[in-house]
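Me: I have a protein model on my screen and I would like to learn how to read it. Could you take me through it feature by feature?

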Amino acid sequence: MEKLDCVIIGTGPAGYTAAVYAARADLKPVVYTGMEPGGQLTTTTDVENFPGYPEGIMGPEMMEDFKKQAERFGTEIRFGMVTGAELSSIPGQYHTLTIDEDTQVQAKTVIIATGASAKYLGLESEKRLMGHGVSACAICDGFFFKGKEVVVVGGGDSAAEESTYLAKLCPKVTVLIRKDEWRASQIMQNRVKNTPNIEVRYNTETQEVLGDQTVTGVRVKNNQTGEEETIEADGFFLAIGHKPNTDVFQGQLDMDEVGYIQTKPGTASTNLPGVFATGDAQDKIYRQAVTAAGTGCMGALEAERYLQEHEEEVTDAQVEA
Ligand code: NDP
């Protein structure tokens, strides 16, 4: 079985940043891309809030830059999905990863950067207009809707936070909540209530996002009365939660109830030695490219230190094996 010092799983900002640091430290990192090389940013258009790009940059182009930078220092990038993991709890021992159900590799250190996926309603119209008025990130895309009317779907803290954020840019924000109440915390609900240009519609479900080239409105239905109507809007924001891509590590790594990996405060370390979690796979609060990149750097620096500390133990374990 192939034996590697450092395997990085995922190619969003966290994974590529970890790769840059690990490659420059001569850990000879191998990166597995996952099913969506480049991660969530490849599904967005302009990125204007990543430092270093004063004119902004397209999401896919930025991820291509990340990739080139990682490759420049010798990172090996392999197209493949980690479909299985047997993580060791013994310091210094190899972890075994299964790639695409058939190949196995062993890694002294594993840096998880598998990200999270925004949840969508699953409507055909929503998919077709993605990036053309449909977005799952108000902080990333809200600016493009300055002066326009928008709709936000969801009743949790994200929906409350994103609608108040959008209300600073947009003359009118309509929030659609499928139940007759918020799930969001009281303090977040109060913020919405105190924002005059937000209208909240309860018991309301989205039937269709309207528009040919870009969003022009949303057809909604009241699930109590059955009444349908159209809300005119240029933007349609999903805020119905995210799902971290961590299923493959379930039962081995400490996670919260949703599946976000728990790291030791102020570090990228997990409950298992030599396994580090970075980016959105462990962050349900900030979820930004720049914060993901920061934790990717932490993961690589910790992996480097771990390899130095356990150099002899790894060798001993191998000799015994
Ligand atoms: P949540 O899971 O808390 O809320 C999701 C919301 O979306 C619920 O109102 C849910 O409705 C609704 N929803 C889910 N699926 C659908 C659907 N198919 N159609 C319509 N509505 C749907 O997710 P959040 O992203 O809001 O929050 C995730 C976590 O992050 C929470 O722990 C939250 O507290 C935290 N967070 C904290 C923030 C802060 O403190 N500043 C900011 C953002 C998030 P229903 O209630 O009917 O299930």
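Reply: Let's start with a term: helices and strands are DSSP runs, numbered from the N terminus. Keep in mind too that this is a predicted model. Now an example of those names in use: Asp26 lies in the loop between α1 (13-24) and β2 (30-32).

Me: What value does phi of Asp26 take?

Reply: The general idea comes first: most residues other than glycine have a negative phi. In this model, phi of Asp26 is near 65°, a positive value in a residue other than glycine. Asn203 also has a positive phi, of about 50°, and it is not a glycine either. You will find Asn203 in the loop between β13 and β14 (204-210).

Me: Are Asp26 and Asn203 buried or exposed?

Reply: For this you need the cut-offs: buried means under 20% relative accessible area, and exposed means over 50%. Asp26 has 52% relative accessibility, so it counts as exposed. Asn203 is buried because its relative accessible area is 16%.

Me: Which strands are joined to β7 by bridges?

Reply: On one hand there is β6 (residues 82-86), which is joined to β7 by four bridges and runs antiparallel to it. To find this pairing on your screen, look for Glu86, whose bridge partner in β7 is Thr96. On the other hand, five bridges join β7 to β8 (residues 103-112), again in an antiparallel arrangement. Here you can look for Thr98, whose bridge partner in β8 is Gln104. The hairpin of β7 and β8 has three residues between the strands, and Asp100 in this hairpin takes a positive phi near 50°.

Me: Now a helix, please. Which residues of α5 are buried?

Reply: Helix α5 covers residues 157-167, and its buried residues are Ala159, Ala160, Glu162, Ser163, Thr164, Leu166 and Ala167.

Me: How many salt bridges does a search of the whole structure find?

Reply: Side chains of opposite charge can pair when their charged atoms come close. The search finds 13 salt bridges in the whole structure. In one of them, Glu228 pairs with Arg219, with the closest N and O atoms 2.8 Å apart. Glu228 is partly exposed, at a relative accessible area of 40%, and Arg219 is partly exposed as well, at 25%. Another salt bridge brings together the side chains of Asp247 and Lys243, at 3.0 Å from N to O.

Me: Where in the chain are Asp256 and Lys284?

Reply: These two form a salt bridge, their closest N and O atoms being 3.4 Å apart. The pair links distant parts of the chain: Asp256 is in the loop between β18 (242-244) and β19 (275-277), whereas Lys284 is in the loop between β19 and α7 (289-309), 28 residues apart. Asp256 is buried, with a relative accessible area of 15%, but Lys284 is partly exposed, with 42%. Salt bridges can also share partners, and in this way Lys172, Glu199, Arg201 and Glu229 are joined into one network.

Terms used: Residues are numbered from 1 along each chain as its sequence is written. This is a predicted model: local features need pLDDT of at least 70, side-chain atom pairs count only at pLDDT 80 or more; totals for chains, interfaces and linings use all residues. Side-chain values use heavy atoms; hydrogens and water are left out. Two strands pair if DSSP finds at least two bridges between them. Helices (H or I, at least four residues) and strands (E, at least two) are DSSP runs, numbered from the N terminus. Buried means under 20% relative accessible area, exposed over 50%, partly exposed in between (1.4 Å probe, protein chains only). A salt bridge is a side-chain nitrogen of Lys or Arg within 4 Å of a carboxyl oxygen of Asp or Glu.
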